[in-house]
Amino acid sequence: MSPSPGPHTRPTGTGRTRPGWSLALLALAQLIFSLDLNIVFVALPDIGADLDFPGQTQQLVVSAYVVFAGGFLLLGGRAADLLGRRRIFVLALSVYAVSSLAGGLAGSPEVIVAARAVQGIGGALLLPSTLSLINTLFEEGPRRNRALAVWGGAGASGLTVGALLGGLLTEAFGWPAVFFVNVPLAGLVALAAVFVIPRDPAGGAGRRFDLPGALTVTAGATLLVFALVEGPEWGWAAPAVIGAAVAAVVCLAAFAAIESRSADPLMPFRLFRNRSLSVAITVTFLYMATFGTLPYFLTVLLQSVHGFSALDTGLAFLVPSVAIAAGTQLGERMTTRLGARTTLITGFLVGAVGTAALSLGFDADAGYGIAVPGLIVSGVGQGIVWTSMWIAAATKVAPGEQGIANGMASTTLNLGNAIGLAVLTALADAGTDGKTGRALRAATADGEFLVVLLTAAGMALGLLIALWLPRARAADAPVAGSPEPSAGAGAPAAVTEEAATSGNH
């Protein structure tokens, strides 16, 4: 069953939409995106040994991706709105395939870092275009909620698949295999999208790309993420880090000035008047600063404290990944029945309780089994929040601005991860200087115990922020000619997030 016809409901094409197949491709694209975040970690030692890559700079293979993905997200969202969602989706996957091929063939550190940077740009184009396709192919309400749950479950699966596949491929075929695996996957999804996802509608006439805004925000966001990612590695007083931070502030200030005067801005500030979107943007930041940092600290605990191999670590991630995937499906059902406000509050509450329990496993003498109950409860809470926060971000956003709205939420998601890791790793490592052997393992576990408790406190803060969301109520179907349609005329009545009134508080 395709979405109800109506203005702005879906991209137009010559044939009927295939929502099931389209969703399958969009979920597979999210799996590729999620997989690529983790698959390289386990291959870093082999990359360093083969390419004569000094240990202290191997992190550039990871940070190059993070920096460029974070810097180009707003640009990717705007491109999806103006140039076409399917067009940018196919372009993003093509960039992924070509840059992955270059990474696998790299014979020097410079080439592999450059390939990862281009992969990051591909990721910045892929995430907002994928989300905006979901939010325009599926009308607001239960159908979109289910689609986002499927998409979110695929991303959760990528957490395990990335860790497991990275270990298996590196051991069996060498580190280039972690890059080569993306080539057929991304290439096939891009090709299938041309035949399955409806053609982009004619539109956007008279709308400008806002090149000055695009250049300043991309430069500012890239420099800011660079400073946050490299600060812990190079030192916060390093000239490159300070210079990048200052330049980021200048570029972002220039962006704000440009946008306030632009007739057709890259990021219309009026979007912040949508309370659901504003709260969701804040929640995505907190999500990655809390839930999103836990896999890193869990990896350090298992490998550096308990001596797990890369493959054993991947297997250990099966438990939280299954819990997160289950939580994404639960989040969809709860949001459809109760609204995003109640669902987000519940998700953060469950996550905070589970993460506090998880902290008991962060002890040098504690086995993995002690962490399992906390991993399960925290994972369920994480999945609930993940699905409901993207539903909130898309609520009451006009179809022609879904790309930029998702780009805004994705940018704060990336910044939350960068800032969260920078702050929490500094706190976790504060007591490890000068220690070796068992003393180092104990200090590492103690430092991580503290930061895991802090992430639980951050989740409690997320609960309080979610209280600002409007309460849900059953809404009538949007009518043709509405000034800000969310799903097009003729869409079925659904539970939506409406502006709060005195009667529903």
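Is Glu401 buried or exposed, going by its relative accessible area? Glu401 is buried, with a relative accessible area of 9%. Here buried means under 20% relative accessible area, exposed means over 50%, and partly exposed lies in between (1.4 Å probe, protein chains only).

This is a predicted model: local features need pLDDT of at least 70, side-chain atom pairs count only at pLDDT 80 or more, and totals for chains, interfaces and linings use all residues. Residues are numbered from 1 along each chain as its sequence is written, and side-chain values use heavy atoms, with hydrogens and water left out.

Start with the charged pairs. Side chains of opposite charge can pair when their charged atoms come close. A salt bridge is a side-chain nitrogen of Lys or Arg within 4 Å of a carboxyl oxygen of Asp or Glu. The structure holds seven of them.

One joins Arg270 to Glu401, with the closest N and O atoms 2.3 Å apart. This pair links distant parts of the chain, 131 residues apart. Arg270 sits in the loop between helix H11 (239–261) and helix H12 (275–290), while Glu401 sits in the loop between H17 and H18. Helices are DSSP runs (H or I, at least four residues), numbered from the N terminus. Arg270 is partly exposed at 40% relative accessibility.

Lys396 lies in the loop between helix H17 (368–394) and helix H18 (402–429). Its phi is near 60°, a positive value in a residue other than glycine. Lys396 is partly exposed, at 28%.

Now turn to helix H5 (residues 85–105), where Arg85 is found. Arg85 is buried, at 10% relative accessibility. Its contacts (heavy atoms within 4.5 Å) include Asp200, Pro399 and Gly400, not counting residues up to four places away in sequence. Asp200 also meets Arg87 in a salt bridge (3.9 Å, N to O). Those two are 113 residues apart: Arg87 is in helix H5, and Asp200 is in the loop between helix H9 (182–196) and helix H10 (211–234). Asp200 is buried at 14%, whereas Arg87 is exposed at 52%.

Helix H17 holds Tyr368. Tyr368 is partly exposed, with a relative accessible area of 22%. Its side chain reaches the backbone oxygen of Ala316 at 2.6 Å. Tyr368 also touches Leu302, among other residues. The C-alpha atoms of Tyr368 and Leu302 are separated by 8.0 Å, although the two are 66 residues apart along the chain.

Asp365 is in the loop between helix H16 (340–358) and H17, and Arg438 is in helix H19 (residues 437–466). Asp365 is exposed, at 59%.

Key: A polar contact is a pair of N or O atoms within 3.5 Å; within protein, one must be able to donate a hydrogen and the other to accept it, and residues adjacent in sequence count only if both atoms are side-chain atoms.
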